[in-house]
Amino acid sequence: MNRFDYVRPGTVAEAVQALGGDPAARFIAGGTNLIDLMKYDVERPGKLIDITRLPLDKIEERDGSLRIGALVTNATLAYDARIRERYPLLADAILAGASAQLRNAASTGGNLLQRTRCYYFYDTATPCNKREPGTGCSAIGGVDRIHAILGTSDKCIATHPSDMCVALAALEATVQVSGPQGDRAIPFSEFHRLPGDEPSKDTNLGPGEIIVAIDLPEKGFAGRHHTYLKLRDRLSYAFALVSVAAALELDGPTIRTARLALGGVAHKPWRNAEAETLLQGKPATRETFKAAADLILREARAQSTNGFKIELARRAVVRGLEQAAAGTPQSQSDKRIQ
Ligand SMILES: Cc1cc2nc3c(=O)[nH]c(=O)nc-3n(C[C@H](O)[C@H](O)[C@H](O)COP(=O)(O)OP(=O)(O)OC[C@H]3O[C@@H](n4cnc5c(N)ncnc54)[C@H](O)[C@@H]3O)c2cc1C
Ligand code: SF4
């Protein structure tokens with residue numbers, strides 16, 4: 001590890017000021033991703049701004065919606081009674097990620113900003129446009145089994161690894177940020193970026209901005225018709241090869257509203273508005289779900305060894321929607337395959 005300065009501000013304004021225009025400064029919350037990256041020499045911060053003393057660790061009611069402070073831990077969030085009752089999809093997605101110990105340390109804000117698990121990004125001996133812009137992408141034509149099938153560019157084919165973010169995308173959450181220009185709200189769909197020509201930028205967070213909270217809208221898909229289905233190589237400590245957050249409102253056998261987001265397939269949680277529209281007003285049958293899956297995967301492109309993910313994603317969408325319709329969400333705390 002390299003030498004770094006360390007500061008521990010007490011207010012959001014002080015934290016923003018401490019970051020200032022310093023490109024080598026980093027906020028640290030739970031540290032479960034940043035410290036790993038420092039050990040691998042991928043991140044070399046000159047200054048660590050420890051934000052764990054900021055007053056951002058509350059879950060608050062706001063006119064029917066909930067505001068989750070950026071420092072609420074993943075465990076606190078997943079087990080909060082209001083979240084379990086009103087946003088069960090979010091609780092299930094969080095419990096599908098990492099381990100109990102990690103969830104006790106990991107923060108809501110940090111989860112949104114965790115970096116890709118692309119092997120080459122972690123290996124400083126290899127070229128990587130995300131780690132060092134302009135050096136190339138070692139994953140293209142390399143070991144790309146876990147990489148993206150949607151929204152890729154010729155500069156980067158990495159996926160976003162978060163489970164929680166897939167549920168937040170389906171729930172249409174909003175990210176509240178604060179920075180040198182003041183406060184602003186970013187719709188979740190606009191928070192993460194596709195790689196395009198600038199894969200080093202994971203998000204649309206501006207320079208000097210800090211995440212202060214996530215707002216959940218009133219509509220949380222409480223009740224039975226939701227699932228977070230996560231398909232991975234093993235049942236713990238594994239990031240999703242493909243995941244599906246599905247939530248439905250049913251009118252008898254007919255779908256009134258559908259929300260669907262995929263994880264593990266792209267540089268950001270993947271939503272397809274056309275597929276959600278296709279589902280609305282249709283009978284909740286396997287044929288309807290297959291049509292939605294085909295529409296979502298129509299644009300999918302395989303790399304050298306990840307073609308299996310296209311069919312895996314297609315089947316996961318159908319299975320996720322079937323589970324949601326039947327009201328039999330896959331239990332993530334009991335990791336046996338149902
Ligand atoms: C072994 C292992 C397995 C894992 N498995 C999974 C999994 O299956 N699914 C999953 O989703 N995740 C998984 N994770 C990732 C874990 O969820 C993240 O590391 C965690 O959520 C990051 O939160 P943190 O508070 O520790 O972030 P930190 O490591 O403290 O920070 C991460 C990044 O966010 C920035 N940051 C933190 N807070 C803020 C803020 N409020 N505003 C602006 N910037 C901020 C930091 O500067 C840093 O760049 C795993 C991690 C490990 C180590
Ligand atoms: S896929 Fe992205 S993160 Fe991985 S090597 Fe290529 S540029 Fe780097």
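The shell around ligand 1 has 16 nonpolar, twelve polar and four charged residues. This is a predicted model. Ligand 1 has 32 residues around it, and ligand 2 has 14. The structure also holds four aromatic pairs.

- Of the 32 residues around ligand 1, five come nearest: Phe27, Gly31, Thr32, Ser107 and Asp163.
- Four elements each supply at least two residues of this shell: strand 2 (25-28), helix 2 (34-39), helix 7 (108-112) and strand 8 (210-216).
- Helix 7 gives the largest share of the shell, with three residues.

**Ligand 1: polar contacts and cover**

- On the backbone side, a polar atom of Ala29 lies 2.9 Å from an oxygen atom of ligand 1.
- On its own, ligand 1 has 980 Å² of accessible area, and the protein covers 92% of that.

- Ligand 2 sits in the largest cavity.
- Cys118, Cys128, Cys137, Cys156 and Ile157 come nearest among the 14 residues around ligand 2.
- By class, the shell around ligand 2 has nine nonpolar, three polar and two charged residues.

**Aromatic pairs**

- One of the four aromatic pairs joins Tyr40 and Tyr122.
- The Tyr40 and Tyr122 pair is edge-to-face, with 5.1 Å from centre to centre and 90 degrees between the planes.
- This pair links distant parts of the chain, as Tyr40 and Tyr122 are 82 residues apart.
- Tyr40 lies in the loop between helix 2 and strand 3 (47-50).
- Tyr122 belongs to helix 8, which spans residues 119-122.

Terms used: Residues numbered from 1 in each chain as written. Chains lettered and ligands numbered in written order. Predicted model: local features only at pLDDT ≥ 70, side-chain atom pairs only at ≥ 80, totals over all residues. Heavy atoms only, no water. Near = heavy atom within 4 Å. 1 Å grid on protein atoms, 1.4 Å probe; cavity = no way out; pocket = protein on both sides within 12 Å on 5 of 7 lines; lining within 4 Å. Sits in = over half its atoms within 2 Å of the grid points. Nonpolar A, V, L, I, M, F, W, Y, C, P; charged D, E, K, R; others polar. Polar contact = N/O pair within 3.5 Å; in protein donor to acceptor, adjacent residues only side chain to side chain. Areas by Shrake-Rupley, 256 points an atom, 1.4 Å probe, with all protein chains shown as cover. Phe/Tyr/Trp six-rings, centres within 6.5 Å; stacked < 30°, edge-to-face > 60°.
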